[in-house]
Number of protein chains: 2
Amino acid sequence: MTQLLVRKVRLPAGNMADILMEGGRFVRIGSGLEVPPGCQVEDGAGALALPGLVEAHTHLDKTLWGMPWYRNEVGPNLTDRIDNERRWRAATGHDARAQSLVLARAFLAAGTTRLRTHVDIDTDAGLRHLHGVVATRDALSAQMDMQIVAFPQSGVLGRPGTEALLNEALRSGADILGGLDPCAIEGDPVRALDLLFGLAQRHGRPLDIHLHEPGSMGAWSLDLILQRTAALGMRGMVTVSHAFCLGDIAERERDALLQRIADLGVVIVTTAPPSRPVPPVAACRAAGVRIVGGNDGIRDTWTPYGSPDMLERAMLIGLRNNFRRDDELAVALDCVTHAAAAACGFQHYGLAPGDRADLVLVAAETVAEAVVARPVRQLVVSAGRVVARNGALA
Amino acid sequence: MTQLLVRKVRLPAGNMADILMEGGRFVRIGSGLEVPPGCQVEDGAGALALPGLVEAHTHLDKTLWGMPWYRNEVGPNLTDRIDNERRWRAATGHDARAQSLVLARAFLAAGTTRLRTHVDIDTDAGLRHLHGVVATRDALSAQMDMQIVAFPQSGVLGRPGTEALLNEALRSGADILGGLDPCAIEGDPVRALDLLFGLAQRHGRPLDIHLHEPGSMGAWSLDLILQRTAALGMRGMVTVSHAFCLGDIAERERDALLQRIADLGVVIVTTAPPSRPVPPVAACRAAGVRIVGGNDGIRDTWTPYGSPDMLERAMLIGLRNNFRRDDELAVALDCVTHAAAAACGFQHYGLAPGDRADLVLVAAETVAEAVVARPVRQLVVSAGRVVARNGALA
């Protein structure tokens with residue numbers, strides 16, 4: 001049984017400890033642990049130990065990470081970006097398998113060991129992106145837990161054949177059904193949501209819906225989603241990504257929605273974009289809503305921004321929510337660690353005996369410093385094995 | 001005469017070139033330059049060449065950069081932060097000289113060669129912070145242009161004796177007079193602004209006023225500032241930092257203010273905080289307003305955030321303004337390079353023969369990539385001498 005002892009690390013609570021792993025799990029955490037015979041030993045040198053980081057919303061299949069620079073000259077609307085990407089993909093034969101692997105490995109080098117990715121399913125690309133990302137998931141299965149969302153980026157209703165592809169995707173490696181803007185993109189919210197909820201129910205799968213719609217339109221779409229979540233007994237099975245409308249309506253209306261969201265166990269994923277209204281993290285948590293963090297796309301035809309560094313995403317969540325106190329920065333980190341793992345349903349997560357031995361060491365005194373300084377990952381351990389050192393894969 | 005030739009760099013426009021410097025200035029930029037006898041040669045290896053970066057608004061004197069982590073438990077209001085800092089400073093005997101030097105050197109290592117810093121002047125600290133930052137400016141005078149603003153952080157009217165200290169500060173090394181929130185902090189906008197403008201006029205110095213006031217209150221304070229700028233003939237002598245109100249009022253009212261701001265040559269400095277309304281960069285520039293970027297405080301008792309990396313500030317300006325296209329990211333970079341140097345009045349700035357030879361090399365294909373990827377500074381040259389390599393001072 002492979003053993004690994006990491007000595008002299010600072011735990012998030014502040015105390016120093018040694019951490020012993022065996023068989024891919026944490027087995028003992030305490031000070032002055034003895035070195036078992038034949039055990040690999042790493043010197044933590046006083047670094048801060050964090051659990052493996054969690055990315056709750058990205059698009060591995062779209063990324064241009066590591067490719068020559070893509071010159072962005074795209075128009076300003078959501079539909080400009082969707083159409084541009086579909087055209088570009090068709091013209092270039094973008095290799096979703098190769099690109100998703102490059103970015104997933106960059107995530108791993110930066111300490112992310114659990115990740116939920118949306119994968120484009122449409123009548124042009126078919127299941128090509130899904131097959132590519134499934135291959136990446138298989139290639140990294142020993143180091144990374146990956147959830148795949150079958151995501152109809154171009155909408156379901158407007159492109160006949162998409163529903164059949166989603167159906168097929170859920171039989172071919174996708175774990176979760178995606179969706180987007182039932183009013184603004186689908187154009188028929190009742191029919192679109194009934195279709196998506198019906199498909200999710202038939203497959204017994206969770207739903208994760210992109211909701212970019214602003215203000216009262218978004219709030220109404222959210223209401224329709226919550227109605228169906230309740231009526232169909234899908235408590236704890238629904239995620240709403242972005243939910244910009246929750247940052248864009250009167251507080252009283254927002255709080256009434258937050259209460260229903262909490263009661264139905266609906267998860268909110270925020271990418272905390274600085275240029276949009278966003279669901280306020282503190283108000284969501286105060287209402288009992290699980291709100292967690294993700295990048296959205298990373299360096300693709302949509303956006304030049306984003307990074308596989310989830311500490312940077314935590315910093316951006318902190319900045320967007322004006323989190324300055326140490327206790328607030330701990331909340332920002334929670335959005336990309338414990339809260340995100342629980343919300344996505346990643347199993348055996350944490351820094352306690354019995355949890356899967358995913359560990360990230362950074363030169364920081366405190367959790368707050370780790371978030372704002374985003375130090376290079378000194379050591380990344382996944383399932384009890386060293387996978388990266390000083391920011392590079394081992 | 002010391003010569004330095006940096007070979008094989010990519011200029012911002014995209015073409016490859018060699019860059020020859022002599023006597024602290026750029027003398028030739030072109031391809032295949034011959035190596036003069038005795039000339040130091042650096043291999044650019046195809047890196048992107050940028051002019052020295054410019055920080056238009058920071059607070060070197062307050063920073064805790066490089067010190068043990070400061071646990072932030074401060075209340076949420078502006079006055080909480082001001083009072084906490086003054087108490088903390090008195091209790092700890094914070095060394096503004098040592099701390100400003102640590103942070104200024106970190107700026108230099110990250111490619112910033114021109115910097116405007118506000119320095120606290122109040123009846124508790126007296127001119128202690130000013131003397132500390134002047135010492136830092138002297139220590140780095142060969143590598144960095146530094147402008148010092150005498151900044152009454154605790155207000156002028158409420159603390160008798162502050163005006164005399166500001167008067168003294170302008171005779172003791174401060175270049176510019178600062179001020180803040182004439183309504184919300186000073187409590188008497190007409191008297192406060194008359195005092196500040198009067199003092200600036202008597203010394204023939206520019207003004208740089210922090211204006212955090214939101215919405216219509218901020219717009220009214222701004223109106224009072226513009227009235228005095230016009231009446232006193234101080235065109236081109238006034239900067240308004242933050243100006244959150246410009247992101248927070250109706251577009252028609254905003255555009256009328258922008259027109260007056262442009263006509264009076266008033267500079268707007270934005271830190272582009274993700275959690276506040278901000279002056280929109282594109283609308284400002286379209287109106288002819290000079291808007292440039294800065295960090296504000298960096299890791300101090302106010303905020304754990306901030307970084308001496310001005311490419312990161314450009315990225316945050318881009319994110320806050322939803323700049324995704326390459327031409328928009330070039331604007332974000334302009335806010336921390338050419339536009340900032342011109343707005344602050346830094347002389348001999350640029351990447352052309354005759355300009356002071358400040359140069360930053362990064363591994364990036366394009367300006368847009370430099371902004372979003374913020375690569376380590378491969379080489380930093382200031383006034384024709386190498387001052388940093390690979391992110392560390394030489």
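Strand S7 (residues 112-120) and strand S8 (residues 145-151) of chain B pair in the parallel sense over seven bridges; pairing here requires at least two DSSP bridges between two strands. Strands are DSSP runs of E with at least two residues, and helices are runs of H or I with at least four, numbered from the N terminus. Within this pair, His118(B) has Val149(B) of S8(B) as its bridge partner.

This is a predicted model, where local features need pLDDT of at least 70, side-chain atom pairs count only at pLDDT 80 or more, and totals for chains, interfaces and linings use all residues. Residues are numbered from 1 along each chain as its sequence is written, chains are lettered from A and ligands numbered from 1 in the order in which they are written, and side-chain values use heavy atoms, leaving out hydrogens and water.

Stepping back, S7(B) and S8(B) belong to an open sheet of eight strands in chain B, ordered S6-S7-S8-S9-S10-S11-S12-S13 with parallel pairing. S6 (53-58) and S13 (290-293) of chain B stand at the edges with a single partner strand each, so one side of each lacks a neighbour in the sheet.

Now for the two copies. Chain A can be laid on chain B with an RMSD of 0.0 Å by a turn of 180 degrees and a shift of 0.0 Å along the axis, superposing by least squares the C-alpha atoms of residues with pLDDT of at least 70 in both. The copies are thus related as by a two-fold rotation axis. In chain A, the C-alpha nearest that axis belongs to Pro274(A), 2.2 Å from it.
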